[in-house]
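Good morning. Please have a look at it first.

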Amino acid sequence: MRRAMELAARGRGSVEPNPMVGCVIVREGRVIGEGFHKKFGEAHAEREALGACVESPRGAIVYVNLEPCCHTSVGKKTPPCVPALVEAGVGRVVVGCLDPNPEVSGRGVAALVEAGIEVEVGVLEGEAKQLNAAFFARVVHGRPYVTLKWAQSADGKVAGARGVRKQISNETAMRVVHELRARSDAILVGIGTVLADDPVLTARGMEKRRPLIRGVMDSGLRIPLESKLVKTAGEGKVIVYCAAQEGKISRNVPLIERGVEVVAVARGRMGRPGPTLVLADLAKRGVTHLLVDAGPTLGQSLIDQGLADRVWVIRSPMVVGEKDAPDAPVAPFAEVGSVDLRGDRLVEMLNPFSDVFFAEAESADLKWVREMVVS
């Protein structure tokens, strides 16, 4: 099962909005075939593994981290896997966890049992669920999986004096950040970050896996028309979330004329756009993974409201040494792993109170970073 999850993680960034799935087929203690879901719209893990078998899988044991699919609903791009397993004559299927998709949940297992195949469910269940926590967030809770990211100095600062932009992380860390952006569906910042840093929020130099939505929480529509985000709105979607009583606001013509989408949401804390409403809007747009490039205000707000599922902190040995430099957010979460980034250190923390926390297990992303740095 651990091998199945290891294989599944290779699909991260390419299979979404599908879950990551790996499959290992074993006969008499020998692996005779394995595979994983490589890309959205392509073959699923079970069919990949069956096709890779070096001998007949009849009577073999199949290990798969997520319940095999059985539905043929409208819009499904690939055939279900249960019929393939039945046709292959496998003897037993071991499943990490059930699929939360109501079109599948329990039905895939039931179809296998009805066909006379022995099924065991729940092997390394917590880890299997945690691997696909983002899939559970979208399917069960109707929201994206939220990752907060920031870099902080040895003295706990995220910028220079009075919030002036200061490069804290090294080049290896920056490469990791841009790869994480490329693996995400959307990136969100607060207006403070836009005014201080004027970011463009793209995955520079990385393979473009899918379109990246760029969002800004901007209660009073202060985003400058000359900002890089506005200037590049025609090259990729930019959404500005503003606050308005009952979610109503007049059209902001100058921004809209430049290709920016303005979305008004009801006011949350301190008169800012309600973050739960922002998450719901992003989920409707198909966002599974949301990366929040967190300034101290937005980051701490999401942590305090319990809306952060995962935190990535890049800790630098640099000392800023400015008393009026902004402090990093504080996240009292469980540390599940870390990677040395050639001087900086990336620490991954999971929120144990999140509704999609299942196990203190490193994410597929962190494992990818470790492999990248070693290579």
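I begin with helix α13, whose buried residues are A364, D365, L366, W368, V369, M372 and V373. Buried means under 20% relative accessible area, taken with a 1.4 Å probe on the protein chains only. Helices here are DSSP runs of H or I with at least four residues, strands are runs of E with at least two, and both are numbered from the N terminus.

Before going on: this is a predicted model, where local features need pLDDT of at least 70 and side-chain atom pairs count only at pLDDT 80 or more, while totals for chains, interfaces and linings use all residues. Residues are numbered from 1 along each chain as its sequence is written, and side-chain values use heavy atoms, with hydrogens and water left out.

What do the buried residues of α13 pack against? They pack against α5, α7, β12, β13 and β14.

Now the cores. A nonpolar core is a set of buried Ala, Val, Leu, Ile, Met, Phe, Trp, Tyr and Cys residues joined through side-chain atoms within 4.5 Å. The largest one has 45 residues, and I25, V90 and V93 touch the most other members. A second, separate core has 34 residues, including I168, I223, I314 and L366. L366 is also one of the buried residues of α13.

Next, the cavities. A cavity is a set of points on a 1 Å grid over the protein atoms alone where a 1.4 Å probe fits but cannot get out, and lining residues have an atom within 4 Å of a point. The whole structure has three cavities of 30 Å³ or more.

L131 and F135 are among the residues that line it, and α6 gives the most, with three residues.

C53 counts as buried because its relative accessibility is 17%. For C69, the sulfur of C81 is the nearest, 4.0 Å away.

Notes:
On a 1 Å grid over the protein atoms alone, a cavity is a set of points where a 1.4 Å probe fits but cannot get out, and a pocket is an open set with protein on both sides within 12 Å along at least five of seven lines; lining residues have an atom within 4 Å of a point. Grid points are joined across faces, edges and corners, and a volume is the space filled by probe spheres set on the points. Buried means under 20% relative accessible area, exposed over 50%, partly exposed in between (1.4 Å probe, protein chains only). Contact means heavy atoms within 4.5 Å. A disulfide is a pair of cysteine sulfur atoms within 2.5 Å.
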